[in-house]
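Have the sequence and the structure open side by side.

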Amino acid sequence: MRKLTTSGFLVFTTLSWCADYRIEANIRYDHYPETVLDILQPVAPALKNRPGIIVIHGGGWIQGEKESVIEKYCVPFVQHGMVVANLEYRLAKAAAAPAAVNDVLKAAQWLRERAAGYKVDANQIVVMGGSAGGHLALMLGMTPPSADLGPTIKIAAVIDFFGITDVGDQLEGPHRREYAVTWIPEQPGRMDLARRLSPMTYVRKGLPPILSVHGDADETVPYEHSVRLVNALKSAGGDAELITVPGGKHGFTPDELSKLWPQIFKWLKKHKITG
């Protein structure tokens, strides 16, 4: 166990090893109880700076925990020589929107400022998430400073698994979802806030490459969310790609993931991001 002091807060972190990686758990990146992250690294010493990837769990902004995605999402990147920052953030029960977005932006700044200490190439920081985590990953890669949601850093690429791209679409109408209503409850300017927190709002040229992966039978976050985003990004002159999982639901099976990972790492290699 190591004792660290960060911005005046005393933090205890646990360092442990597994067969495939070593993990430093529950490092505080901001002053809220929920704002902690894990750093996962390959066991082999780094001979050069490695790409970093920020992984963000889902759960509709109301539930979920970072530990749930270690094996599913984090380990594959570590096995490819990358350093993973696996984030926790404030859920709706702790703070409603826009807190989750504020937190992931803060975490990305934290990682960039400490990249050298973890042998991370600060110019090769990728972000990945699923569902609400996919939404937060997109926000991390797309939010401009003018949105005034928190610090912004240059992201090298975004990998979005079935993320929400139009938050307002899940607040009212046929795609209304209780988790979205819980995250953004009734309040003055509610739909304006939803637009401010929607990746679709920030489509423009000059964004990092974005890979969306979505099942066309998703009954929670409509497949059209990814279709519309990718089409809009391409129309704006951006680098965007959609991998469609035929018959894929909200959350991929191990068999589906085993077929997706080679495509994802091929896409990263195409963008010169390799461990």
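Let's begin with a charged pair. Arg114 makes a salt bridge with Glu113, and their closest N and O atoms sit 3.5 Å apart. Arg114 is partly exposed, with a relative accessibility of 28%, whereas Glu113 is exposed at 55%. Keep in mind that this is a predicted model.

**Salt bridges**

In general, side chains of opposite charge can pair when their charged atoms come close. Here the count of salt bridges comes to 9. Three of them are set out below.

| Pair | Closest N to O distance |
|---|---|
| Arg114 and Glu113 | 3.5 Å |
| Lys270 and Glu241 | 3.4 Å |

How accessible are Arg190 and Glu186, buried or exposed? Arg190 is buried, because its relative accessible area is 9% and the cut-off for buried is under 20%. Glu186, on the other hand, counts as exposed at 67% relative accessibility.

Now for Lys270 and Glu241, whose closest N and O atoms are 3.4 Å apart. This pair ties together distant parts of the chain: Lys270 belongs to helix H7 (residues 254-270) and Glu241 to strand S10 (residues 240-245), 29 residues apart. Lys270 is exposed, with a relative accessible area of 53%, while Glu241 is partly exposed at 29%.

There's also a salt-bridge network, and its members are Asp38, Lys66 and Glu67.

**The chain as a whole**

Stepping back, the protein chain holds 7 helices and 10 strands. Its radius of gyration is 18 Å, close to the 19 Å that the globule rule gives for 275 residues, so the chain is as compact as a globular protein of that length. The C-alpha atoms fill a box of roughly 50 × 40 × 35 Å along the principal axes.

Of the 275 residues, 55% count as buried. Take the contacts between residues at least 6 apart in sequence: 70% of these join residues at least 24 apart. The accessible surface comes to about 11,800 Å², and carbon and sulfur atoms account for 52% of that.

Which strands pair with S8? Strand S7 (residues 120-130) is one partner, in the parallel sense over 5 bridges. Val127 has Val158 of S8 as its bridge partner. To get from S7 to S8, the chain passes through helix H3 (residues 132-142), and this β-α-β crossover is right-handed. Strand S9 (residues 210-215) also pairs with S8 in the parallel sense, over 4 bridges. Val158 turns up again in that pairing, with Ile210 as its bridge partner in S9.

While you're on S7, click on Gln124, which lies in that strand. Gln124 counts as buried, with a relative accessibility of 16%. Leaving aside residues up to four places away in sequence, Gln124 touches Pro51, Gly52, Ala156, Lys272, Ile273 and Thr274.

**Helix H1**

Helix H1 (residues 70-79) is mostly covered too, with 7 of its 10 residues buried. Those buried residues are Ile70, Tyr73, Cys74, Val75, Pro76, Phe77 and Val78. Just after H1 comes Gly81, with a positive phi of about 80 degrees.

Most residues other than glycine have a negative phi, and most peptide bonds are trans. A few spots here go the other way.

Ala97 and Pro98 are joined by a cis peptide bond, with omega at about 10 degrees. Pro98 is in the loop between strand S6 (83-87) and helix H2 (99-113).

Asn26 isn't a glycine, yet its phi is positive, near 60 degrees. Asn26 lies in strand S3 (residues 21-28) and is partly exposed, with a relative accessible area of 36%.

Lys119 is another non-glycine residue with a positive phi, about 55 degrees. Lys119 sits in the loop between H2 and S7, and at 35% relative accessibility counts as partly exposed.

Technical notes. Residues are numbered from 1 along each chain as its sequence is written. Side-chain values use heavy atoms; hydrogens and water are left out. Two strands pair if DSSP finds at least two bridges between them. Helices (H or I, at least four residues) and strands (E, at least two) are DSSP runs, numbered from the N terminus. A crossover is right-handed if, with the strands pointing away from the viewer, the path from the first strand over the helix to the second runs clockwise. The radius of gyration is taken over C-alpha atoms; the globule rule is 2.2 Å times the number of residues to the power 0.38. Buried means under 20% relative accessible area, exposed over 50%, partly exposed in between (1.4 Å probe, protein chains only). Contact means heavy atoms within 4.5 Å. Accessible areas come from the Shrake-Rupley method with a 1.4 Å probe; for residues, only the protein chains shown count as cover. A salt bridge is a side-chain nitrogen of Lys or Arg within 4 Å of a carboxyl oxygen of Asp or Glu.
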